Amino acid sequence: LTGEITALFAVCDLITPIQRYEHLRREGWPPSDATSDVLQLDRTIYCTIQEFAVRRVGAAIPLRRRAEWGSHSSSGDAEDQWRRMSPESMTREVLNVVLPDDAEESGDDHPWGEFVEGLKSQGISVSAEDLRQLPYNVLFAPRLYDILIGASAGADVALHDLADIQQRTL
Amino acid sequence: MKARFILLLAAVATLVATTLISPSFATAQTPASPSAVEPHPAIAPPGANAPSATPADTYCVFYTRFDDVHWSSTAGDVSGHGWWDNGDCPAGTKANITTRLDEYYSDGSWKTKNTGTKKNAYAGGGSANRANARVTCQGSNTVSWRTETDIDLIGISDTNNIGRSATYNLPCSVN
């Protein structure tokens, strides 16, 4: 079909409190301030999304910047949000995030032109029409998938992390 | 003797000049520029993005969904989006969505640089049911940005429930 590119996919993983804490520490925030910031946003759940192109041979190629998804419940309960999520509903959320800015005007579900240019910069020549015909899959990191199918609680991950962060801050 | 007097005079003159003139140089090098006085776009310190709204009772549960501030597919722009999903609100409920792009200022304030709205949006998102806020960068200074999304259910009372992204620093400033 398109020769070298055989599929497109997005990988979704949750951003744990400890990842956010460590990100802030790397940016130079003092431990107490980083802890405070993480705790202030503890009612919101976050995930990262990264898109790739699958090559017939060789490693997958990152297509776009890492994006971030967030959700805040009117009940203020983060665990309630996880309980109501499933692989299907999270897939819809990922597809919402990766929509192009002009999706309502263009009707496109993905920024094909941006993908074409990104692949061209990697030495791969492919057209937008070629890419439209490829499967686009959404994959989940194992720890997120476990939460989405109810095998583990998102709150457990968060609580474990928050306890760890507080221990580090002491 | 005369030469020694001249040398002494020169040394005194140099000392006086150093004492009297240097402070004026120092002052001249640190002027009170407008940027030091007026609030300007800056990088947010810890805690500047704390949630202002606290959870409260609502008649039904819904979820405010959003992405982070990111480079737009339109070169030189940054954008952010907001949509919503239903928890246990009546089926068919619609909402007005407001998404703001906020830039952090050196006086500790967040200033909204663009607001995107979507009226009568169904739950679940998609290109037809999301608000899009976008702004064109005017400078390349690295400053802090965030999105805020407010969902106003139509015909149903709800709280001022703001979904707020984490703060991200981007080389994009808007004055």
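1. The model is predicted. Please read each point below with that in mind.

2. **The core of chain A.** The largest nonpolar core holds 35 residues. Inside it, L8(A) and L131(A) have the most contacts. Several elements of chain A give two or more residues each: the strands β1 (5-14), β2 (44-55), β4 (67-73) and β5 (136-140), and the helices α3 (78-84), α4 (87-97), α6 (112-120) and α8 (142-148). The largest share comes from β1(A), with five residues. In general, nonpolar side chains of soluble globular proteins tend to be buried together.

3. **L8(A) and its neighbours.** Leaving aside residues up to four places away in sequence, L8(A) touches F52(A), A53(A), L63(A), W112(A), F115(A), L131(A), L134(A), P135(A), Y136(A) and N137(A).

4. **L63(A), a loop residue.** L63(A) sits in the loop between β3 (61-62) and β4 of chain A. Is L63(A) buried or exposed? It counts as buried, because its relative accessibility is 9% and the cut-off for buried is under 20%. Its contacts, again without residues up to four places away in sequence, are L8(A), Q50(A), E51(A), F52(A), A53(A), F115(A) and L119(A). T91(A) lies 28 residues from L63(A) along the chain, and 18 Å separates their C-alpha atoms.

5. **Extent of the interface.** How many residues does each chain bring to the contact? Chain B gives 45 and chain A gives 35. Between them the two chains bury about 3100 Å². Carbon and sulfur atoms account for 45% of that area. The accessible area lost when parts come together is often used to give the size of an interface.

6. Two salt bridges are found across the interface of chain B and chain A. In a salt bridge, the side chain of R65(B) meets that of E93(A), at 3.0 Å from N to O.

7. **The chain B side.** On the side of chain B that touches chain A, the elements giving two or more residues are β1 (62-67), β3 (77-86), β6 (131-136), β8 (162-164) and β9 (168-173) of chain B. The largest share, six residues, is from β1(B). By type, the residues of this side are 17 nonpolar, 19 polar and nine charged.

Definitions and conventions. Residues are numbered from 1 along each chain as its sequence is written. Chains are lettered from A and ligands numbered from 1 in the order in which they are written. This is a predicted model: local features need pLDDT of at least 70, side-chain atom pairs count only at pLDDT 80 or more; totals for chains, interfaces and linings use all residues. Side-chain values use heavy atoms; hydrogens and water are left out. A nonpolar core is a set of buried Ala, Val, Leu, Ile, Met, Phe, Trp, Tyr and Cys residues joined through side-chain atoms within 4.5 Å. Buried means under 20% relative accessible area, exposed over 50%, partly exposed in between (1.4 Å probe, protein chains only). Helices (H or I, at least four residues) and strands (E, at least two) are DSSP runs, numbered from the N terminus. Contact means heavy atoms within 4.5 Å. Buried area is the accessible area (1.4 Å probe) that two parts lose on being put together, summed over both. A salt bridge is a side-chain nitrogen of Lys or Arg within 4 Å of a carboxyl oxygen of Asp or Glu. Ala, Val, Leu, Ile, Met, Phe, Trp, Tyr, Cys and Pro count as nonpolar, Asp, Glu, Lys and Arg as charged, and the others, Gly among them, as polar.
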